[in-house]
Amino acid sequence: MQIQKNKNLVLCALFVALIAVGAFIRIPVPVVPFTLQFLFTTLAGLLLGGKLGATSVFIYTVMGLVGLPVFAEGGGISYLLKPSFGYIIGFIVAAYITGIIANKVYNPTYKRLLVANFIGLAIVYLFGMIYYYIMSNFYLETPIGLFPLFLYCFILAVPGDIVLCIVSAILAKRLIPIIKNNRT
């Protein structure tokens, strides 16, 4: 039992580190560069399951909010006031839901992994866009309409994350059996 707890602790810590590193790995694409945070938060859910995956993302979030510079633009409690913070909240919820969906079966199919990933992607964007809209319109007083919000916070950003959904499904399909065999 203690060995299992230690393995879970190590895996959670590994994903906290990967998510933090992923915030700084920027892939330059036209219009909206994106990071690998989504890849690692999704993999946390797929490989660790809902509870441990979400725990990893939550720990990462707390580390950033207490001031460690692990977010894409640093860290600190003031990050709560950034319109983009909703995406980080979405990462926590998405890791949990993605992990629950993917791990309902012992060895999930590519189809199950992709469905879980796309549901997670929808959750991240839902939380991100709602938070962005609220913060921009009601706190920062820099109003953004629904069309510009949808254009800049979804249409221009989502293609890269769709690719990451596919990449994470491929990686998870190969890694889930290895992790599950080593966790028992």
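Okay, ground rules. It's a predicted model, so local features need pLDDT of at least 70 and side-chain atom pairs count only at pLDDT 80 or more, while totals for chains, interfaces and linings use all residues. Numbering runs from 1 along each chain as its sequence is written, and side-chain values use heavy atoms, with hydrogens and water left out.

Overall picture to start with. The chain has seven helices and two strands; these are DSSP runs, H or I with at least four residues for helices and E with at least two for strands, numbered from the N terminus. In sequence order the pattern reads α-β-β-α-α-α-α-α-α. The C-alpha trace spans about 50 × 35 × 25 Å along its principal axes. For 184 residues, a compact globule would have a radius of gyration near 16 Å, and this chain has 16 Å, so the two agree. That radius is taken over C-alpha atoms, and the globule rule is 2.2 Å times the number of residues to the power 0.38.

Next, burial. Of the 184 residues, 46% are buried, where buried means under 20% relative accessible area, exposed over 50%, and partly exposed in between, with a 1.4 Å probe and protein chains only. The accessible surface is about 9500 Å², and carbon and sulfur atoms own 75% of that; areas come from Shrake-Rupley with a 1.4 Å probe, and for residues only the protein chains shown count as cover. Now contacts, meaning heavy atoms within 4.5 Å: among those between residues at least 6 apart in sequence, 69% join residues at least 24 apart.

On to the helices. Helix 4 has 18 residues, and 13 of them are buried, so the rest of the structure largely encloses it. Its end C-alpha atoms sit 26 Å apart, agreeing with the 26 Å you'd get at 1.5 Å a residue; the expected span is 1.5 Å times one less than the number of residues. Helix 3, with 16 residues, reaches 22 Å, close to its expected 22 Å. Its buried residues include Leu52, Val57, Tyr60 and Leu65.

Just after helix 3, Gly67 takes a positive phi of about 120°. And what sits around there on the surface? A nonpolar patch of Phe58, Ile59, Val62, Val66 and Leu68, with about 440 Å² of accessible area together. For patches, residues need over 30% relative accessible area and no salt bridge; like charges are joined within 9 Å, and nonpolar side chains (Val, Leu, Ile, Met, Phe, Trp, Tyr) within 5 Å. Val66 itself is in the loop between helix 3 and helix 4, and counts as exposed at 66% relative accessibility.

How many salt bridges are there? Just one by the rule, which asks for a side-chain nitrogen of Lys or Arg within 4 Å of a carboxyl oxygen of Asp or Glu. Glu73 pairs with Lys82, the closest N and O atoms being 3.1 Å apart. Glu73 is exposed at 57%, whereas Lys82 is partly exposed at 26%.

Last stop, the loops. Thr109 lies between helix 4 and helix 5 and is partly exposed at 46%. Thr109 and Pro148 are 39 residues apart in sequence and 37 Å apart C-alpha to C-alpha. Glu141, in the loop between helix 5 and helix 6, has a positive phi of about 55° despite not being a glycine. Most residues other than glycine have a negative phi. Glu141 is also exposed, at 63%.
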